[in-house]
Amino acid sequence: MYGSSAAAQKAKRRTHSRPEISDEQKQEIKEATAASTIRALGFDLKKAEVPKLLRDNDKTGHGLMEFEAFARTMSEKLLERDPLEDLQRAFRLFDDDHTGKISLRNLRRVAKEIGDRLEDDELQAMIDEFDLDQDGEISEQEFYAIMRDDV
């Protein structure tokens, strides 16, 4: 047989020590994970707010936050949120040219960004359905009506 067995090679690899990351690097990973989770929920926290949130809710002293504390904190933040502010932010995501309207070009860009392969006639049909003032674009008020299902 040539060389050592596969099992022996595997055992040898396991005993080989790996470099450890520092406590500071571990904390950076925890903060980055918390920050990305919070952003995924739609919150824009400043960089300094994440470590403070973890410290304020760390019951073990290990820089960790229990899930229940995280869920409670995020629920409170969700309840504090202004729905109109969320709608304004969503509108601005469409209105990248700052015209105060969502045009076919704006809608096409957003559809492309999220991976929808809709044809222009389909996108225009969406606009036509909700364009209450018949100007060929969706105004901010029309957008709010769509989002509130008031149309």
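Read along the sequence, the chain runs in the order α-α-α-α-α-β-α-α-β-α, a total of eight helices and two strands. Helices (H or I, at least four residues) and strands (E, at least two) are DSSP runs, numbered from the N terminus. The model is predicted, so that local features need pLDDT of at least 70 and side-chain atom pairs count only at pLDDT 80 or more, while totals for chains, interfaces and linings use all residues. Residues are numbered from 1 along each chain as its sequence is written, and side-chain values use heavy atoms, with hydrogens and water left out.

Of the 151 residues of the chain, 25% count as buried. A residue is buried under 20% relative accessible area, exposed over 50% and partly exposed in between (1.4 Å probe, protein chains only). Contacts (heavy atoms within 4.5 Å) were also sorted by separation: among those between residues at least 6 apart in sequence, 41% join residues at least 24 apart.

Helix α4 (67–80) has 14 residues and spans 20 Å from its first C-alpha to its last, close to the 20 Å expected at 1.5 Å a residue. The expected span is 1.5 Å times one less than the number of residues in the helix. Ala69, Phe70, Thr73 and Met74 are the buried residues of α4. They lie on the same side of α4 because they cover an arc of only 125 degrees around the axis, the arc being that of the directions from the helix axis to the C-beta atoms. Phe67, Glu68 and Leu79 are exposed on the other side of α4. The buried residues of α4 pack against α2 and α3 (49–56).

Leu53 belongs to helix α3 and is counted as buried because its relative accessibility is 12%. Beyond its neighbours within four places in sequence, Leu53 contacts Ile38, Met65, Thr73 and Met74. Two of the residues in that list, Thr73 and Met74, are among the buried residues of α4. Leu53 and Met65 are 12 residues apart along the chain, and their C-alpha atoms are separated by 8.7 Å.

The largest pocket has a volume of about 200 Å³. On a 1 Å grid over the protein atoms alone, a pocket is an open set of points with protein on both sides within 12 Å along at least five of seven lines, and lining residues have an atom within 4 Å of a point. Grid points are joined across faces, edges and corners, and the volume is the space filled by probe spheres set on the points. The lining consists of Lys30, Thr33, Ala34, Thr37, Leu54, Gly63, Leu64, Met65, Glu66, Phe67 and Phe70. By type, the lining divides into six nonpolar, three polar and two charged residues. Here Ala, Val, Leu, Ile, Met, Phe, Trp, Tyr, Cys and Pro count as nonpolar, Asp, Glu, Lys and Arg as charged, and the others, Gly among them, as polar.

Two further buried residues were examined. Arg109 lies in helix α6 (residues 104–113) and counts as buried at 18% relative accessibility. Apart from neighbours within four places in sequence, Arg109 is in contact with Leu93, Phe94, Asp95 and Asp96. Ser139, in strand β2 (residues 138–139), is buried with a relative accessible area of 14%.

Methods:
1 Å grid on protein atoms, 1.4 Å probe; cavity = no way out; pocket = protein on both sides within 12 Å on 5 of 7 lines; lining within 4 Å.
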